[in-house]
Amino acid sequence: MSKNVVIFGSIVQDLISYTERFPRPGESVRGSAFHAGAGGKGANQAVAAARLGANVTMIGMVGKDMFGDSNIESLRQNGVDTSGVGRSQEKHTATATITVNQEAENSIVVTLGANLDLLPEFADKSHSLLANSHLVLCQGEIPEAANRRAFEIARGNGAKTFLNPAPGDAKMDKSILSLTDIVCTNENEAEFITGIPQTTLEDAENAARKMLEMGPQIAIITLGAKGVLLAQTLNSKPDLKLIPVQKVEAIDTTGAGDCFCGSLAALLSLDGNLENVERATRCAAKLAALSVTRRGTQASYWKKGEILEKFP
Ligand code: ADP
């Protein structure tokens, strides 16, 4: 079996209603438009990676319902191997019910459903997919114990482990960092992990150094339009670099972090060498910046062919 990227994580059906204003409790308002799309941090990252031409396998859970069917189909159409996606016996496919008002503010209810059945036993059942991978990428939308088990299997078989603890909260189990090779957070998640409030670049640098002390060889903090802070342990010392991104006309930043992580995983697997992490990070930051110039989440991720056409 060829080595590839395994995304172990969430699959969520997005249901988005656009309306002038949010309804008050007990009130019903008319929507002006509706969009249903495949989502979830795991699935978003799998799609971002597959669109760059990486060999990607998704391990996740959906329900035995029509959203389960459509989310699996959407992954397949994007070139993701879905042989690792299971079906929960009782739980429905996860949904994110999103309302967007005229000011482009959103209110979101996420019901994790079948994702909560992605338990350590399922990681054990997926042993051969995890063991045969080059890199395993997990996020924070499924039970923490399952991520830990997936990383134990990956590490035990020589695969690199990549953690994006999003959306995260201060209660997250930080001990998983001792099983992590690469950790990538945004500023909020960096604060949850390190307890260092994030306002300035110096705060991010201190958080990145602290994350390196917690286990990973590589710690990355994404900083929105300011780019990415890359921290690596080189010759037993932390080496930090701020990687700026090009100025773009930002239209929709939803899913930019997922685009960055999925792209980085793909580039590292295509390159096959963690030594080239700086080059891969620069490229993933560019791709994430390109994604914010288009509307939608997965719909905004660029395909390899489009990139080659625009930047020959
Ligand atoms: P998250 O979506 O997880 O909060 P960020 O907002 O830090 O993550 O964005 C992730 C990456 O997406 C950034 O490091 C950058 O490469 C790109 N990005 C996000 N917002 C912008 C923007 N306004 N302009 C250019 N690039 C952006």
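Helices (H or I, at least four residues) and strands (E, at least two) are DSSP runs, numbered from the N terminus. This is a predicted model, so local features need pLDDT of at least 70 and side-chain atom pairs count only at pLDDT 80 or more, while totals for chains, interfaces and linings use all residues. Residues are numbered from 1 along each chain as its sequence is written, and side-chain values use heavy atoms, with hydrogens and water left out.

Let's begin with the loops. Asn235 sits in the one between strand 12 (228-234) and strand 13 (237-243). Its phi is near 50°, a positive value in a residue other than glycine. Over in the loop between strand 9 (160-164) and strand 10 (182-185) you'll find Pro167, joined to Ala166 by a cis peptide bond with omega at about 5°. For background, most residues other than glycine have a negative phi, and most peptide bonds are trans.

**Around the ligand**

There are 17 residues around the ligand, and Asn186, Thr222, Gly224, Gly227 and Ala285 come nearest; "near" here asks for a heavy atom within 4 Å. By class, the shell has 11 nonpolar, six polar and no charged residues. Nonpolar covers Ala, Val, Leu, Ile, Met, Phe, Trp, Tyr, Cys and Pro, charged covers Asp, Glu, Lys and Arg, and the others, Gly among them, count as polar.

Here are some N or O atoms that pair with an oxygen atom of the ligand:

| Residue | Part | Distance |
|---|---|---|
| Asn186 | side chain | 3.1 Å |
| Thr222 | side chain | 2.8 Å |
| Gly227 | backbone | 3.0 Å |

The protein covers 82% of the 560 Å² of accessible area that the ligand has on its own (Shrake-Rupley method, 1.4 Å probe). Helix 8 (256-271) and helix 9 (277-291) are the elements that give two or more residues to the shell, and helix 9 provides the largest share, three residues.

**How those two helices meet**

The axes of helix 8 and helix 9 come within 8 Å and cross at roughly 145°; axes are lines fitted to C-alpha atoms over the stretch in contact, with angles from 0 to 180 degrees between N-to-C directions. Contact (heavy atoms within 4.5 Å) involves residues including Phe260 and Leu264 of helix 8 and Ala284 and Leu287 of helix 9. By class, this contact has 13 nonpolar, three polar and two charged residues.

Key
A polar contact is a pair of N or O atoms within 3.5 Å; within protein, one must be able to donate a hydrogen and the other to accept it, and residues adjacent in sequence count only if both atoms are side-chain atoms.
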